[in-house]
Amino acid sequence: MRISIGQKLTLSFLLVSLLVGILGFVGFTNMMETAKQIDVITEQETPALIKLTEIKSHILEGIEEAFAYPLLGDPVEKTEFYTNLEQFDASVAEFREIARIGQPGQTEETQLFKQIVAAKEALKIVADNMFESYEIDGRVNLSQVAAFESEINIVVPLIDRFLEIEKEEVAEAREEINATIANAERQTLIVVSVAVVVAIGLGFLVSRSISIPINKLKDVAEELGKGNLGIRANIKSGDEIGSLATSFDQMAGALQQAEVHRGILIAELEDKNAELEQFTYTVSHDLKSPLITIKGFLGALEQDIVQGNTERMQADIARISAGADRMSGLLDELLELSRIGRVVGSPEEVPLGEVAREAVALVAGLAEERKVRVTVSDGLPVVFGDRLRIREVLQNLVENAIKFMGEQPDPIVEIGELQRNGESVCFVRDNGMGIDPRFSQKVFDLFDKLDRNTEGTGIGLALVKRIVEVHRGRVWVESEGLGHGSTFYFTLPSKRGMPHDD
Amino acid sequence: MQGKAVQILLVEDDPDHAELIIRGLQDNGVANRIHHVSDGEAALDYLFRRGEYADAEKSPRPHLVLLDLRLPKIDGLEVLREIKADEELRRIPVVVLTSSAAESDIAGAGDNYANSYLVKPVEFDEFRRMMQDLGFYWLVWNQHP
């Protein structure tokens with residue numbers, strides 16, 4: 001699952017914000033709840049209470065006046081009484097509005113209200129009677145007073161009851177508010193706790209998901225720096241650090257390969273170096289030899305002159321000359337050999353058949369002289385390399401074969417190709433003197449020759465080996481032994497794949 | 001001290017050098033018989049009396065072997081090793097006479113119990129002097145069993 005670090009962070013913050021939002025929401029709803037309940041108290045309960053108190057005071061005042069009238073005989077009292085009753089009615093009507101009497105859920109209140117209104121009417125009727133009696137009799141009727149009093153004892157408690165109810169409702173509302181607040185506290189606490197835990201948890205997780213891989217990369221980098229190139233970060237997370245780690249591991253892999261390659265190059269270099277040392281040693285040693293000859297016979301010549309030995313003189317001069325020639329030839333072929341290692345012409349397709357025939361043509365003189373037949377089979381492959389050098393290889397091998405024919409009465413040299421182990425191998429085969437198997441590797445060594453009686457300085461085969469190896473091929477000889485002929489095998493690349501100049 | 005027929009086996013592949021050495025030794029009248037072979041195989045055949053050298057008459061025991069190192073067929077050090085490995089032959093002093101002054105060759109010869117190691121000088125006078133001293137030392141002064 002690929003989630004980038006940015007996405008992880010954004011998600012975490014969103015989650016925390018969500019929790020904060022929930023918190024806000026909780027607070028808000030609770031506040032609305034509380035406000036509503038406060039409203040009820042202020043808009044409804046409190047005005048209701050005030051109105052009820054008004055109603056009560058009106059009725060009490062009225063009652064006072066009702067008693068005062070017969071006592072004092074002042075008609076104002078009677079008027080006041082009825083005024084109060086009117087005010088009572090007005091207040092009751094207002095109360096009815098405020099308290100929402102008649103609404104569903106107010107059964108007790110509605111009942112009570114009706115009772116109060118009825119009680120007031122009863123009271124009024126009794127008061128009317130009482131006043132009438134007084135006015136007619138000039139004194140109060142005690143039974144009517146008693147009736148009036150009992151009416152009072154009905155109405156006032158009713159009003160008190162109502163007051164109680166309203167006060168209860170206020171208390172209830174207050175309770176609810178407290179409950180709401182307590183609720184709000186609890187919810188807030190829960191949400192805040194959750195939010196804190198989530199925030200810490202997420203923070204921890206996200207930072208871990210960043211810093212742990214980064215630390216791992218740091219450690220791996222240190223290890224790589226110490227030379228331990230096999231180590232890898234192997235971080236599989238799907239985000240940017242994961243892809244960094246992948247690239248990092250690829251880099252480590254490349255470093256490792258480069259190191260291996262370097263090792264190979266160093267080994268090759270060491271080989272080349274050893275070869276060069278060997279070469280230098282051989283060269284200095286083998287140039288010294290003819291020099292000893294030359295100087296030696298110069299001295300011998302002096303003696304010959306002193307002794308007057310003209311025969312010996314001529315022989316010795318001849319040896320000196322031959323020695324000098326040998327040195328010269330050696331130097332030429334050395335130059336040729338060292339050049340082959342450095343410069344190979346630009347590689348091209350070389351049809352071996354053609355080149356073989358050219359090489360044979362070049363040694364035709366020698367072949368005829370020795371009565372050696374040279375054949376080139378058909379179907380020789382097309383190889384890839386330096387045409388001239390490859391021709392030199394064939395020329396040298398054929399020359400070699402011709403020279404080492406020995407006593408063979410019917411000398412033949414064959415150039416051909418065969419398949420061996422799935423690879424195309426070319427050969428130059430002769431039926432000449434063969435090679436002692438003990439020395440089959442030595443033939444290619446610089447300047448080594450198995451039979452000093454033949455001419456040449458022996459550098460030909462070394463040249464052959466060098467050329468073939470520069471083409472990344474192999475060359476070797478097989479012979480069943482002295483008198484059984486020998487076959488020189490070599491391989492050359494068949495397609496593009498030549499290395500750069502060594 | 002002269003009078004004994006002294007035999008020398010010269011193992012040298014370069015015919016010119018062989019000629020110089022032979023002349024150098026003969027001119028001083030030191031050696032009567034010098035037998036010359038041109039490669040390592042012939043040298044061992046001679047000493048072990050094999051092949052064409054089977055006849056002891058033809059291949060008398062030499063009193064000194066002069067051995068070049070860089071030989072065709074069988075290398076000089078190998079010849080040395082075989083001589084010194086044989087109970088009879090190892091008594092014969094073998095003097096390595098070569099153009100090489102390489103440390104590895106000197107060490108190799110020593111490791112294989114060469115009796116002496118000489119480097120062919122380029123200067124003719126030195127060469128003659130060396131042949132003289134060589135002959136005198138090994139054939140006149142040195143006692144043979």
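The accessible surface of chain A, as given by the Shrake-Rupley method with a 1.4 Å probe, comes to about 28,400 Å², and 57% of this area belongs to carbon and sulfur atoms. For chain B the accessible surface comes to about 6,800 Å², of which carbon and sulfur atoms hold 45%. The model is a predicted one, in which local features need pLDDT of at least 70 and side-chain atom pairs count only at pLDDT 80 or more, while totals for chains, interfaces and linings use all residues. Residues are numbered from 1 along each chain as its sequence is written, chains are lettered from A and ligands numbered from 1 in the order in which they are written, and side-chain values use heavy atoms, with hydrogens and water left out.

**The two chains**

Helices and strands are taken here as DSSP runs numbered from the N terminus, with at least four residues (H or I) for a helix and at least two (E) for a strand. By this rule chain A has ten helices and seven strands, whereas chain B has five helices and five strands. In chain B the elements, read from the N terminus on, follow the order β-α-β-α-β-α-β-α-β-α.

A residue is called buried when its relative accessible area is under 20%, exposed when that value is over 50%, and partly exposed in between, with a 1.4 Å probe and protein chains only. Chain A has 502 residues, of which 38% count as buried, and chain B has 145 residues, of which 55% count as buried.

Contact means that heavy atoms lie within 4.5 Å. Among the contacts in chain A with a separation of 6 or more, 73% are between residues 24 or more positions apart. In chain B, 64% of the contacts between residues at least 6 apart in sequence join residues at least 24 apart.

**Where the chains meet**

How many residues of chain B are in contact with chain A? There are 29 of them, and they touch 26 residues of chain A. The size of an interface is often given as the accessible area lost when the parts come together. This buried area, summed over both parts and taken with a 1.4 Å probe, is about 2,500 Å² between chain B and chain A, and carbon and sulfur atoms give 48% of it. On the side of chain B, the residues that lose the most area to chain A are B:Arg23, B:Arg70 and B:Val122, which together make up 26% of what that side buries.

A salt bridge is counted when a side-chain nitrogen of Lys or Arg lies within 4 Å of a carboxyl oxygen of Asp or Glu. Six salt bridges are found across the interface of chain B and chain A, and one of them joins the side chains of A:Arg326 and B:Asp16 at 3.5 Å, N to O. In chain B, the elements that give two or more residues to the side touching chain A are helix H1 (15–27) and helix H5 (124–141). Of the elements of chain B, H1(B) gives the most to this side, with seven residues. Sorted by class, the side of chain B that touches chain A holds eleven nonpolar, four polar and 14 charged residues, where Ala, Val, Leu, Ile, Met, Phe, Trp, Tyr, Cys and Pro count as nonpolar, Asp, Glu, Lys and Arg as charged, and the others, Gly among them, as polar.

Over all chains the count comes to 33 salt bridges.

| Residue pair | Distance, N to O |
|---|---|
| A:Glu94 and A:Lys51 | 2.1 Å |
| A:Asp160 and A:Lys56 | 2.7 Å |
| A:Arg391 and A:Glu358 | 3.0 Å |

A:Glu94 belongs to helix H2 (residues 75–98) and A:Lys51 to helix H1 (residues 5–72) of chain A, so their pair ties together parts that are 43 residues apart in sequence. A:Glu94 is partly exposed at 39% relative accessibility, whereas A:Lys51 is buried at 12%.

A:Asp160 lies in helix H4 (residues 142–226) of chain A and A:Lys56 in helix H1 of chain A, so this pair ties together parts 104 residues apart in sequence. A:Asp160 is partly exposed, with a relative accessible area of 30%, and A:Lys56 also counts as partly exposed, at 22%.

A:Arg391 is partly exposed at 26% relative accessibility, and A:Glu358 is partly exposed at 28%.

Salt bridges with shared partners also join A:Asp316, A:Arg319, A:Arg326, B:Asp14, B:Asp16, B:Glu19 and B:Arg23 into one network.

Methods
Buried area is the accessible area (1.4 Å probe) that two parts lose on being put together, summed over both.
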